[in-house]
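Please consult the sequence and the structure together while reading.

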Amino acid sequence: RASILETYESLGSVKATADMLAISPRKIHYRLREYRAQGWMPEREQATEDSAMARELARQTQPIRVLLGEDDDELRWVLADFLKSEGYHVIALPDGKAVFEHLRGSMLAGGDTQPPDLIVTDVRMPGLTGMQLLESVRARDWPIPVVLISSFGDQDIRARATALGAAALLDKPLEITELRDVLKRAAVS
């Protein structure tokens, strides 16, 4: 523990720490989370390190393309800004119909745009709900993880989303650390 913490503190990077100690970056990241949970690291370092890892991942690969559907303008702008700051490429649209049209255009042969790597959408939107969008994605066998956001906390919606293979169903108000973790897991899948 001391070696990992001291090396990480002096180098400030998971990758550099992993290289120095000849341990995989994944194991370093896992250990740092474990040490934080045990109270060995200050909480402010967690947010800094998580953001640094997301930026490092974005630099190493093509940016993860996120198709964001949210009818609440302010929340859509905040989410889009947050996702961009985390290194994602974001296409933010105001309703379900616009999200589906964009998705359909990118998934069909000859589409001018690349399909998204991830869809984040509100459960209830005008034009096409998030559940209908998820159903359409699954019916077409499009291999895109879908993260749903709901302000209702409805167990029936949660069960239906799970049955349809949603990557996650998050409740409003959103917790940034939970959102960050869900997006990382969904992007990896």
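P173 is located in the loop that joins β5 (168-171) to α9; helices (H or I, at least four residues) and strands (E, at least two) are DSSP runs, numbered from the N terminus. The peptide bond leading from K172 to P173 is cis, and its omega is near -5 degrees. In general, most peptide bonds are trans, and most residues other than glycine have a negative phi.

## Basis of the model

The model is predicted: local features need pLDDT of at least 70, side-chain atom pairs count only at pLDDT 80 or more, and totals for chains, interfaces and linings use all residues. Residues are numbered from 1 along each chain as its sequence is written, and side-chain values use heavy atoms, with hydrogens and water left out.

## Overall architecture

The protein contains nine helices and five strands. Read from the N terminus, the order of elements is α-α-α-α-β-α-β-α-β-α-β-α-β-α.

Of its 189 residues, 39% count as buried; buried means under 20% relative accessible area, exposed over 50%, and partly exposed in between (1.4 Å probe, protein chains only). The protein exposes about 10400 Å², of which carbon and sulfur atoms supply 52%. Accessible areas come from the Shrake-Rupley method with a 1.4 Å probe, and for residues only the protein chains shown count as cover. Among the contacts with a separation of 6 or more, 59% involve residues 24 or more positions apart, a contact being heavy atoms within 4.5 Å.

## Packing of α5 against α9

Helix α5 (residues 73-85) packs on helix α9 (residues 176-188) at an angle of about 60 degrees, and their axes are 12 Å apart. Axes are lines fitted to C-alpha atoms, for helices over the stretch in contact, and angles run from 0 to 180 degrees between N-to-C directions. Because of this angle, α5 is oblique to α9; angles under 35 degrees count as roughly parallel, over 145 as roughly antiparallel, 65 to 115 as roughly perpendicular and the rest as oblique. On the α5 side the contact is made by L79, F82 and L83, and on the α9 side by I176, L179, R180 and L183. By class, six of these residues are nonpolar, none is polar and one is charged. Here Ala, Val, Leu, Ile, Met, Phe, Trp, Tyr, Cys and Pro count as nonpolar, Asp, Glu, Lys and Arg as charged, and the others, Gly among them, as polar.

L79 belongs to helix α5 and is buried, with a relative accessible area of 5%. Leaving aside neighbours within four places in sequence, L79 is in contact with L68, I149, L174 and L179. The C-alpha atoms of L79 and A92 are 8.8 Å apart in space, while the two residues are 13 apart in sequence.

## Packing of α1 against α3

The axes of helix α1 (residues 2-11) and α3 come within 11 Å and cross at roughly 100 degrees. The two helices are therefore roughly perpendicular to each other. I4, L5 and Y8 of α1 meet I28, R31, L32 and Y35 of α3. This contact has six nonpolar, no polar and one charged residues.

R65 lies in strand β1 (residues 65-69). Its C-alpha atom is separated by 4.7 Å from that of H89, a residue 24 positions away along the chain. Not counting residues up to four places away in sequence, R65 touches H89, Q114, P115, P116, D117 and L118.

T121 lies in strand β3 (residues 118-122) and is buried, its relative accessible area being 0%. With residues up to four places away in sequence not counted, T121 touches G69, G130, L133, V146, V147, L148 and I149. Two of these residues, G130 and L133, are listed among the buried residues of α7, which also include M131, L134, S136 and V137.

## Positive phi values in loops

A22, in the loop between α2 (14-21) and α3 (25-37), has a positive phi of about 55 degrees although it is not a glycine. A22 is exposed, with a relative accessible area of 73%.

D141 is placed in the loop between α7 (130-139) and β4 (146-150). Its phi is near 60 degrees, a positive value in a residue other than glycine. D141 counts as exposed at 66% relative accessibility.
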